Amino acid sequence: MITNRLSKTLAAALNAQMTKEAHASQIYLSYGVWAASQGFGGTANFLFRHAQEERDHMTKILEYILQRGAQVQITAIPAPPENPVSIVNCFEKVFEHEVDNTKEIYKIVKMSLLEEDWATSNFLQWFVKEQVEEETLAMELLDKMKLTGAEKANNSALYSLDRDLGKAPDETKSAEDVTAENP
Ligand code: FEO
């Protein structure tokens, strides 16, 4: 008896997105290591926490593919891109990455709608909402950078920003704990 309720196309797209979330986790991890090596301990802490959040996104998709009776494909994760060249560039890269990720999510939403796979479309709404939050967060970080003077920021302003980022709570919610209302 066939219990798979995901089309081949959607299963492939969801598997690819699962790997993209794992890739995002590696990106945040590598930027975190870079930030730590530059003396931005608070920023590193923030990026490491976010790496865990991306890992939770990966798990969330993995669990959904399993729930729908389709096959999960665990593949190699591409290497993260080059390190940022400055702390401003680090936040710019984070923002660009999140915007790109949103586009990928939208593509799968569109596919699910064309296939009239309402379950997958509904599942993906969590990610649509999450991406709004992630883009907003990245944009706020860029705004804060601008307030500190961006590339011309002095050490004291950078110190304050770094300390603020480090102060946010350390725990990230696991995929099982989050809901559509509380991503
Ligand atoms: Fe999983 Fe930052 O998006």
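Read along the sequence, the protein follows the pattern α-α-α-α-α. The model is predicted. Its secondary structure comes to five helices and zero strands. With a radius of gyration of 18 Å, close to the 16 Å that the globule rule gives for 183 residues, the protein is as compact as a globular protein of that length.

**Overall dimensions and packing**

- Along the principal axes, the C-alpha atoms of the protein fill a box of roughly 65 × 30 × 25 Å.
- Of the 183 residues in the protein, 45% are buried.
- Among contacts with a separation of 6 or more, 82% are between residues 24 or more positions apart.

**Helix α2**

- Helix α2 covers residues 41-67, which is 27 residues.
- From its first C-alpha to its last, α2 reaches 39 Å, close to the 39 Å expected at 1.5 Å a residue.
- Just after α2, G69 takes a positive phi of about 80°.

**Contact of α2 with α4**

- Helix α4 covers residues 118-148, and its axis lies 12 Å from that of α2.
- The two helices pack at an angle of about 170°; because angles over 145 degrees count as roughly antiparallel, α2 is roughly antiparallel to α4.
- On the α2 side, the contact is made by F46, H50, E53, E54, H57, K60, I61 and Y64.
- On the α4 side, the contact is made by A119, T120, F123, W126, F127, E130, E134, L137 and L141.
- The residues of this contact divide into nine nonpolar, three polar and five charged.
- An α-helix has 3.6 residues a turn, so residues three or four places apart point the same way.

How values were computed: Residues are numbered from 1 along each chain as its sequence is written. This is a predicted model: local features need pLDDT of at least 70, side-chain atom pairs count only at pLDDT 80 or more; totals for chains, interfaces and linings use all residues. Side-chain values use heavy atoms; hydrogens and water are left out. Helices (H or I, at least four residues) and strands (E, at least two) are DSSP runs, numbered from the N terminus. The expected span of a helix is 1.5 Å times one less than its number of residues. Axes are lines fitted to C-alpha atoms, for helices over the stretch in contact, and angles run from 0 to 180 degrees between N-to-C directions. Angles under 35 degrees count as roughly parallel, over 145 as roughly antiparallel, 65 to 115 as roughly perpendicular and the rest as oblique. Contact means heavy atoms within 4.5 Å. Ala, Val, Leu, Ile, Met, Phe, Trp, Tyr, Cys and Pro count as nonpolar, Asp, Glu, Lys and Arg as charged, and the others, Gly among them, as polar. The radius of gyration is taken over C-alpha atoms; the globule rule is 2.2 Å times the number of residues to the power 0.38. Buried means under 20% relative accessible area, exposed over 50%, partly exposed in between (1.4 Å probe, protein chains only).
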